[in-house]
Amino acid sequence: MHLRNVWQAMSRPGFLLSAWPWRSAAYLLTGAVTGAAALVVLVVLAAVCGVLTLVLVGLPLLVLVALSGIPVAAVERRRLRLIDRDPAPGRHRVPAAPGLRPWLTTRLREPVTWRELGYTLLFAGLLWPVDAVAIVVALFLPLSVVATPLLMATVGDGEEAKVLKQWTVTTWPTAFGTAVLGLLLLGLGAYLLGAAAGARAGLARLLISSPEGELGAKVDELARSRARLVDAFEAERRRIERDLHDGAQQRLVALSMTLGLARLDAPPGPLADQLTKAHGEAGKALAELRELIHGIHPKVLTDYGLHAAVTDAADLCVVPVDVDLELPGRPSAAVEAAAYFVVCEALANVAKHSGAERAQVSGGHRDGMLFLELRDDGRGGADPSAGSGLTGLADRVSVLDGRLALTSPPGGPTLLRVEFPCELTRAGDGSA
């Protein structure tokens, strides 16, 4: 089995004879050195900021202090490879534009930077002394006990040796017995080193490369991917509508005109009757195609926007509908299409199920939200689970991070409210 980290290695019988204890010692030793260096740098920066706090140069230094966690976290992620082979990637976002200013803006606004700064402060103030103590207790002290015979032969001239500067050894059997005890302590220290290094690595991974950060990055990427899919879907709908409008519909119109002219030129009889029937079927096919095109993506929505499209849908509804929309601009194509089809589906439900005598569509844009409300004076009691299409509407709205709320008590009235987070583009200048 390929061991991934020091915890897995410690659970195996061959841990003491493997490289993992030495990897753990190297991790803690480099941590003590890195932490001490980070402490020195932070103290120097803090002192300089304190001296220059009243002048303008102090602000760049404060920014430098805030960003000091980034290189420390980068070093820590590399050091993690000593005892943990699982990748620990950084969670920083890519700046929206090249250059120093966008990079600084992105780094100072993202939580990862401040979490790394917090880890750096913790590392420089507390963690590296713990690493140093673990190295001394679990490695250096047992090694000094193991070296008792060597100390007795060199420093003590074969007569005596100090063990940890506490106990005096005067005989060779005692010296070798102490060395055996040191070996036992060294084996115990190896497990102590592994446990300390594993705990330190777990804390570092939690703070500078947490699973929550990875999950957040995946959620952001899924949201962007979903937005791209929605835009692509709407673009494909508009392409199909355009192809049907400019292609198949024009051919049907030409066919209908040709059949009409042929019917006028044909003498009375069976042929004229067949041409009349064919002309009528062509007219029906043309009407169905126009209805299909309108259902895919109405041209009025593309050309004139949501207000005109909703007004057009209200005119086609069998129930009288008042329209009161205040939109100083146009939302994105995806939001515009979703809002339109929500209104169309809601008006279809009013006509089929509500028994209403009148309905109203109102809405506008406020605080970064496009909102639409549809009211009717029908019988109420609308149930999303009864197959009225409300569940599909809620799904379509949620794809764009919108919200749909329905209030429909028995006896009415019914209120359907939908909201989309979006910004409007002012007509004519393309700005938001």
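Reader: Why is Pro129 called partly exposed?

Author: Pro129 has a relative accessible area of 29%. Buried means under 20%, exposed means over 50%, and partly exposed lies in between (1.4 Å probe, protein chains only), so Pro129 is partly exposed. This is a predicted model, in which local features need pLDDT of at least 70, side-chain atom pairs count only at pLDDT 80 or more, and totals for chains, interfaces and linings use all residues. Residues are numbered from 1 along each chain as its sequence is written, and side-chain values use heavy atoms, with hydrogens and water left out.

Reader: Where is Pro129?

Author: Pro129 belongs to helix α6; helices here are DSSP runs (H or I, at least four residues), numbered from the N terminus. The C-alpha atom of Pro129 is 10.0 Å from that of Leu28, although the two are 101 residues apart along the chain.

Reader: What makes Leu141 partly exposed?

Author: The relative accessible area of Leu141 is 35%, and therefore Leu141 also falls in the partly exposed class. Leu141 is found in helix α6 too, and is one of the residues of a nonpolar patch on the surface. Helix α6 gives that patch its largest share, six residues.

Reader: Why is α4 called oblique to α8?

Author: Helix α4 (residues 69–79) and helix α8 (residues 172–208) pack at an angle of about 135°, with axes 10 Å apart. Angles under 35 degrees count as roughly parallel, over 145 as roughly antiparallel, 65 to 115 as roughly perpendicular and the rest as oblique. Therefore α4 is oblique to α8.

Conventions:
Patch = residues over 30% accessible without salt bridge, like charges linked within 9 Å, V, L, I, M, F, W, Y side chains within 5 Å. Areas by Shrake-Rupley, 256 points an atom, 1.4 Å probe, with all protein chains shown as cover. Salt bridge = Lys/Arg side-chain N within 4 Å of Asp/Glu carboxyl O. Helix = DSSP H or I, 4+ residues; strand = E, 2+ residues; numbered from the N terminus. Axes fitted to C-alpha atoms, helices over the stretch in contact; angles between N-to-C directions.
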